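This report describes how the parts of one protein model are arranged. The sequence and structure are shown first, and the description follows.

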There are 2 protein chains.
Amino acid sequence: MPKYQEGLDRLFHALGDASRRAMVERLVRGPASVSELARPFDMAMPSVVQHLGVLEAAGIVVSTKVGRVRTYQLAPNALNPAAEWIGRQRLPAERRLDRLGAFLDPSTDKEK
Amino acid sequence: MPKYQEGLDRLFHALGDASRRAMVERLVRGPASVSELARPFDMAMPSVVQHLGVLEAAGIVVSTKVGRVRTYQLAPNALNPAAEWIGRQRLPAERRLDRLGAFLDPSTDKEK
């Protein structure tokens, strides 16, 4: 399977879990340690670590370890391939609406 | 788990497989029967039916049966919740770039 498809598989799989999405939502607000990420989830530490591993393997988060504390942060633009793939799956009727929008407001080029 | 989160789980899970994404890409071009969908994939019919079942449970495709032929088509706007969730996960630096873009071109309201 091409690398691009594998990357999308991992991205979408990682996002297919509400706890992992909640961790992403938390990390949008800034970097956090494993224990900070565990706190709101009422989840055993090993589960949190496992979820973070899935997010890291998908390239959604990166981590750095200073002393005994590992800190996670979102990788910039990591979700773009997923967003772009979804953006391309538009039905003809939706494309026509896009073109109508572009016609009425030429400065927004939604088809690019 | 709230219904919204369950829906996102199913959407992202369904998209986490290259064969299912290829079926979505095919259906963007128009409705297709199971055998039409099976043809390009070199995949056993039961596997195709199973993938279509996952896509249908996620609300991404709908099917109608006329006589012995079941035809699948994309459900309009079915991917919107996934696209919108991804769109909200933007780092502060990315938001600042959005605001800069909106400042330079006020007609594109990317933050809405």
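## Salt bridges

Over all chains, a search of the whole structure, which is a predicted model, finds 2 salt bridges. In one of them, the side chains of Arg21(B) and Asp9(A) meet, with 2.8 Å from N to O. This pair joins two chains, because Arg21(B) lies in helix 2 of chain B while Asp9(A) lies in helix 1 (residues 3-15) of chain A.

A salt bridge also links the side chains of Arg21(A) and Asp9(B), again at 2.8 Å from N to O. Side chains of opposite charge can pair when their charged atoms come close.

## The interface between the chains

The rule finds 2 salt bridges across the interface of chain A and chain B. On the side of chain A, 33 residues take part in the contact, and they touch 32 residues of chain B.

Between them, the two chains bury about 2,600 Å². Carbon and sulfur atoms account for 63% of this buried area.

## The sheet of chain B

Chain B contains an open sheet of 3 strands in the order 1-3-2, and the pairing is antiparallel. Strand 1 (32-33) and strand 2 (61-66) of chain B are the edge strands, each of which pairs on one side only.

Strand 2 of chain B runs antiparallel to strand 3 (residues 69-74) of chain B, and 6 bridges join the two. Val66(B) has Val69(B), in strand 3 of chain B, as its bridge partner.

## Helices packed on the sheet

Helix 2 (residues 18-28) of chain B packs on the sheet and touches strand 1, strand 2 and strand 3 of chain B. The direction of helix 2 makes about 90 degrees with that of strand 3 of chain B. Helix 4 (residues 45-57) of chain B also packs on the sheet, where it touches strand 2 and strand 3 of chain B. Its direction makes about 120 degrees with that of strand 2 of chain B.

## Contact between the two helices

How do the axes of helix 2 and helix 4 of chain B cross? They come within 10 Å and cross at roughly 75 degrees. Helix 2 of chain B is therefore roughly perpendicular to helix 4 of chain B, since angles of 65 to 115 degrees count as roughly perpendicular.

From helix 2 of chain B, Ser19(B), Arg20(B), Met23(B) and Val24(B) meet Val48(B), His51(B), Leu52(B), Val54(B) and Leu55(B) of helix 4 of chain B. Sorted by class, this contact has 6 nonpolar, 2 polar and 1 charged residues.

Terms used. Residues numbered from 1 in each chain as written. Chains lettered and ligands numbered in written order. Predicted model: local features only at pLDDT ≥ 70, side-chain atom pairs only at ≥ 80, totals over all residues. Heavy atoms only, no water. Pairing = 2+ DSSP bridges. Helix = DSSP H or I, 4+ residues; strand = E, 2+ residues; numbered from the N terminus. Contact = heavy atoms within 4.5 Å. Axes fitted to C-alpha atoms, helices over the stretch in contact; angles between N-to-C directions. Parallel < 35°, antiparallel > 145°, perpendicular 65-115°, else oblique. Nonpolar A, V, L, I, M, F, W, Y, C, P; charged D, E, K, R; others polar. Buried area = accessible area lost by both parts, 1.4 Å probe. Salt bridge = Lys/Arg side-chain N within 4 Å of Asp/Glu carboxyl O.
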